[in-house]
Structures are given as structure tokens and as C-alpha cells.
Amino acid sequence: MLAAVGHGFRFFLINTELFTMDIATASFLAAFSIGLIAIPFARYIHCSAEVFTFPSLLPMIPGMFAYKSILALSHFMRTTDDMGATEYLTQFFRNGTTAIFILFSLVVGVAIPIFIFHGHSFTATRLLKKLTYKR
């Protein structure tokens, strides 16, 4: 459910005419929203917030940008034309940099709410320990 909310929010931020953001900024805001929504779920279920947040980021991992980057690198290594080589090298760096920035924004965006509500994360796991070891 959190993955659908985050991915839908990112899609909305990228494609609406009201905001029109780049994919890295939209990924950061979507990951931040996932982190904020995961905190109450973690308290309710009595587990850490990372259990909800990091699997929710999986649909937003930039696989296509990484694939295009590696594909451009392999074309660059096979080409003998200088004009084609510069084009493939440009595609490699553009797609690779985009993939790295998206990954970085996902990790930072989901980590900020966990750091802000640091006490709530440990409260959830302490409650679980109290419930488990109660005799």
C-alpha cells in the first residue's frame, strides 16, 4: 500500500501541470511521504519503520535509467565512429547520473522521517520486546 501511495505521488508530481518536477525531486518527496506514513503503521504493528519503508521504495528504483546507462556503455565500447562514441558516452553519463541521483534522493527522503521521529522508532520495538518477554 505504501509503495502504491509513493509511486502514485511521484507520478502525480512528474506529470501534472501544477508542479512539473524532475524525477529526482519527485522521488525525494515521494520517499519522504512514504517515511511519514510508515511511522504510524510501525507504532500500530509494533515493529521498526524500516520494515515498511525500504520495501516500499522498490518500485521506484530507477532500473530503466541504469539499464540505458549500461547499454550506452556497451555501445560506446563497440563503436569505432567518433561522433557515435561521444553520443553514447553522453547517454552513459546522463542516465547514470540520473539513476544515482534518484537512488540518493530515495534513501535520503525515506531516512529523514525516521531521523525526525527517532524516538517513535525505538518505542515501537521496545513495546514489542515488552509484549514478547512479559511473563
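Where is Met-1 found relative to helix 1 (2-15)? Select Met-1 in this predicted model: Met-1 sits in the segment before that helix. Met-1 has a relative accessible area of 71%, and because exposed means over 50%, Met-1 counts as exposed.

Next, go to the largest nonpolar core. Select Ala-24, Ala-30, Ala-31, Ile-34, Leu-57, Met-60, Ile-102, Leu-106 and Val-110, the nine residues that make up this core. Helix 2 gives the largest share, four residues. In soluble globular proteins, nonpolar side chains tend to be buried together.

Keep Ala-31 from that set and show what surrounds it. Beyond its neighbours within four places in sequence, Ala-31 is in contact with Leu-57, Met-60, Ser-105, Leu-106, Gly-109 and Val-110.

The last stop is Ser-105, in helix 5 (residues 82-116). Is Ser-105 buried or exposed? Its relative accessible area is 7%, and because buried means under 20%, Ser-105 is classed as buried. Display its side chain, which reaches the backbone oxygen of Ile-102 at 2.8 Å. Then select Ala-24, Ser-27, Phe-28 and Ala-31, which are in contact with Ser-105 when its neighbours within four places in sequence are left aside.

Technical notes:
Residues numbered from 1 in each chain as written. Predicted model: local features only at pLDDT ≥ 70, side-chain atom pairs only at ≥ 80, totals over all residues. Heavy atoms only, no water. Helix = DSSP H or I, 4+ residues; strand = E, 2+ residues; numbered from the N terminus. Buried < 20%, exposed > 50% of the residue type's maximum accessible area, 1.4 Å probe, protein only. Polar contact = N/O pair within 3.5 Å; in protein donor to acceptor, adjacent residues only side chain to side chain. Contact = heavy atoms within 4.5 Å. Core = buried A, V, L, I, M, F, W, Y, C linked by side-chain atoms within 4.5 Å.
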